[in-house]
Every structure is written in structure tokens, then in C-alpha cells.
Amino acid sequence: MIFIENEGNTNPKLNLALEEYALRNFSVDHDYLLFYINEPSIIIGRNQNTLEEINHNYVAENNIHIVRRVSGGGAVYHDFGNLNFSFITNHDGKSLNNFKKFTAPVIKVLNKLGLNAELKGRNDIQVDEKKISGTAQFSTGKRMVSHGTLLLDTDLGEVANALNVKMSKIQSKGHKSVRSRVANISEYLKTPLDINEFRQLLLEGLYEESEPFESYHLTPEEWQAVHHLKEEKYDTWDWNYGRSPKFNVQRNKRFPIGEIDLRIFVEKGHIIDFKIFGDFFGKEPVENLEHLLIGARYEKEDISGLLKDLEIKEYFGDIAKDEFIDLIYGEDE
């Protein structure tokens with residue numbers, strides 16, 4: 001395992017660019033670990049509609065960064081009290097959506113710090129039924145990143161202020177507010193730790209769980225490439241906001257694998273535009289599925305025919321194809 005030094009950068013766009021650059025360009029002969037701490041920011045899941053996830057006025061007034069990440073899942077709030085971890089490994093065909101495998105060493109360190117931490121639900125680390133960490137994954141095919149948050153001392157009030165949490169998500173969790181579901185790790189520590197002390201303890205704990213670590217500092221040329229990726233992708237409106245469509249049909253349902261929110265523009269009986277949003281985790285990019293349906297008649301028979309040979313679980317996880325078709329055509333309960 002090689003630990004990537006991010007040199008103390010706190011710009012979320014630069015840190016996400018660094019993570020993606022390492023994923024796509026570093027040697028496949030090694031596993032890598034990256035830590036980063038971000039300035040106040042909302043990190044949007046790959047398949048989410050940014051404009052509907054954020055509190056626009058509050059975000060603008062408080063200079064909060066908005067950045068889309070490459071992995072699925074839901075929107076999360078980052079600040080200086082939140083430590084982000086990222087494991088970059090080979091994709092062996094079995095590890096995608098195996099959150100237990102990649103959270104286990106982190107949970108073990110948290111247990112040593114006195115927290116009764118465990119993986120719950122799809123992808124959350126919880127203590128006493130309260131979420132202290134959320135995780136997500138993304139695969140390039142050969143390589144994958146498994147990353148997550150660790151809420152040490154985040155301003156939890158800002159989570160509710162900056163995000164528009166949908167009622168379907170709140171109801172599905174069985175709680176009335178975001179704050180009631182989330183807690184800081186600091187609330188459970190016997191000895192207070194600042195973020196840098198916590199970072200060091202976590203790193204030392206992960207050293208013990210793995211083969212000997214070595215640290216790696218990027219070369220000036222590599223940093224130049226990371227900055228280029230930031231400018232070409234993570235700085236752009238198109239990446240962070242640009243998926244928001246015109247639509248005249250909206251179909252939304254929360255499944256066990258997460259929420260699927262469809263926006264469909266139908267003109268003269270044909271699908272002119274089709275966008276898929278949600279906090280699900282899938283292997284294949286939903287853009288491929290969207291393009292497949294454009295031009296089709298908005299008829300169940302036509303849609304079923306186009307999707308006949310498609311492995312729908314590759315896009316969303318464990319849902320049946322019929323459930324997805326029913327959602328498109330308006331026959332969910």
C-alpha cells in the first residue's frame with residue numbers, strides 16, 4: 001500500500017482531480033491510500049441532479065463549493081472537520097459494491113478508538129444508529145476507487161442548511177431530520193482530537209492493518225496533469241451542473257438500492273430527452289442507457305424491446321428489469 005501525499009490541499013476540485021488522476025494513471029501493481037480534507041463544499045453524486053440537491057441561496061451566500069464526483073450515491077457536505085479517505089485498487093470483479101471489504105480496516109481503527117462502529121445499510125458506517133461515515137465506489141473497469149467521509153467534528157447544522165434533503169429519503173430512513181441521523185465521531189471519543197491528530201491516528205492504524213506503507217509525493221509534472229484535469233473537468237459548469245434537463249414527465253421511486261428519478265421529455269409520442277438521476281450505485285454509466293432510449297416511442301412495448309438484452313443490474317444494482325420499465329411507463333405502485 002502506498003500513501004499519496006496531497007500536500008495539505010483543501011480545494012475539493014483539486015482533491016477530486018488528484019483522486020481521479022491517481023485512479024487512472026498510477027501503477028496497477030500497487031494499491032494506494034489517499035486522505036484529504038476539503039473546504040466547505042457539497043460533493044454531488046455522479047448521477048444526481050445538482051440543481052435539486054442544493055440550497056442555492058445559502059450555498060451562494062456562504063461561498064460553498066459545488067463539485068460532482070465520479071462515484072454514485074448521494075450528496076454529502078464536507079468541511080474542515082471531515083476527513084476523506086480513498087482506497088485505489090485493482091477491480092477484481094467482486095469488489096464493486098462490496099463496501100464491507102473496504103470499510104473493515106477503517107472500522108477496526110474506529111473500534112480501537114472506543115467507538116462501537118459498524119457498517120449498516122448500503123454503505124454507511126454508524127455508531128448507535130447514527131451515521132458517522134458514508135462511502136461510495138467507482139470503477140474504470142480495471143481499477144476502482146472506494147472512498148468515504150469520516151465526520152470527526154463537522155458543522156452538522158450546515159448539512160441541513162446547504163442540502164435539500166428529499167422527503168422520500170427522510171421517510172425511507174424512518175426519521176424526521178438529517179441532524180437526527182448524523183453524528184460526529186468526536187461525540188464518542190473519550191479524549192478530544194483535532195482533525196490532524198485524528199488523521200495521524202487513522203493512518204497509523206491502517207499501517208498496522210496492511211503491509212508496510214510507503215509515502216509518495218507527486219512530481220511537478222504529475223501535479224501539472226492534476227491541475228489540468230481540475231481545469232478541464234472539475235472547474236466546469238457542465239460537469240458540476242450540466243445534466244439538468246428539460247422534461248415533461250417525471251417518474252420517481254425509492255428502491256432498496258436507492259432512489260431512481262427519471263426525467264423524460266416526450267414530444268409527439270417520442271422520447272426526445274431522457275435523464276436518470278439518483279443515489280444508487282451502478283457499474284455502467286447511465287448515460288449509455290439514456291442514449292439507448294432517445295428516439296423511442298413512449299410505449300411500454302417499444303421500451304421493453306429496446307431493453308430486452310440489457311443487464312439492468314449493471315446500471316443500478318439489484319433491481320428487476322420489469323421494475324425499471326414499470327417506473328419509466330408509470331406503473332409503479
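Trainee: What covers the buried residues of helix 11?
Mentor: The cover includes strand 14 (270-278), helix 12 (300-306), helix 13 (313-316) and helix 14 (321-329). Contact here means heavy atoms within 4.5 Å, and helices (H or I, at least four residues) and strands (E, at least two) are DSSP runs numbered from the N terminus. Bear in mind that this is a predicted model: local features need pLDDT of at least 70, side-chain atom pairs count only at pLDDT 80 or more, and totals for chains, interfaces and linings use all residues. Residues are numbered from 1 along each chain as its sequence is written, and side-chain values use heavy atoms, with hydrogens and water left out.

Trainee: Which residues in helix 11 are buried?
Mentor: In helix 11 (residues 286-293), V286, L289, E290 and L293 are buried. Buried is under 20% relative accessible area, exposed is over 50%, and partly exposed is in between (1.4 Å probe, protein chains only).

Trainee: Where do they sit around the helix axis?
Mentor: Looking down the axis of helix 11, the buried residues fall within an arc of 100°, so they line one face of the helix. That arc is taken from the directions from the helix axis to the C-beta atoms.

Trainee: And what follows helix 11?
Mentor: G295, with a positive phi, near 100°.

Trainee: Switching to rings: how many aromatic pairs are there?
Mentor: The count is 11. Rings of Phe, Tyr and Trp (its six-membered ring) pair if their centres lie within 6.5 Å; planes under 30 degrees apart are stacked, over 60 edge-to-face, and the rest tilted.

Trainee: Why is the F3 and F35 pair edge-to-face?
Mentor: Their ring centres are 5.5 Å apart and the planes are at 70°, so the pair gets that label. F3 is in strand 1 (residues 2-4) and F35 in strand 2 (residues 32-36), 32 residues apart, so the pair links distant parts of the chain. F3 counts as buried at 1% relative accessibility, and F35 does too at 0%.

Trainee: What about W237 and Y241, stacked or edge-to-face?
Mentor: Stacked, because the centres are 6.0 Å apart and the planes are at 10°. W237 is exposed at 53% relative accessible area, while Y241 is buried at 18%.

Trainee: Which residues do ring pairs link into a cluster?
Mentor: Y21, F26, Y32 and Y216.
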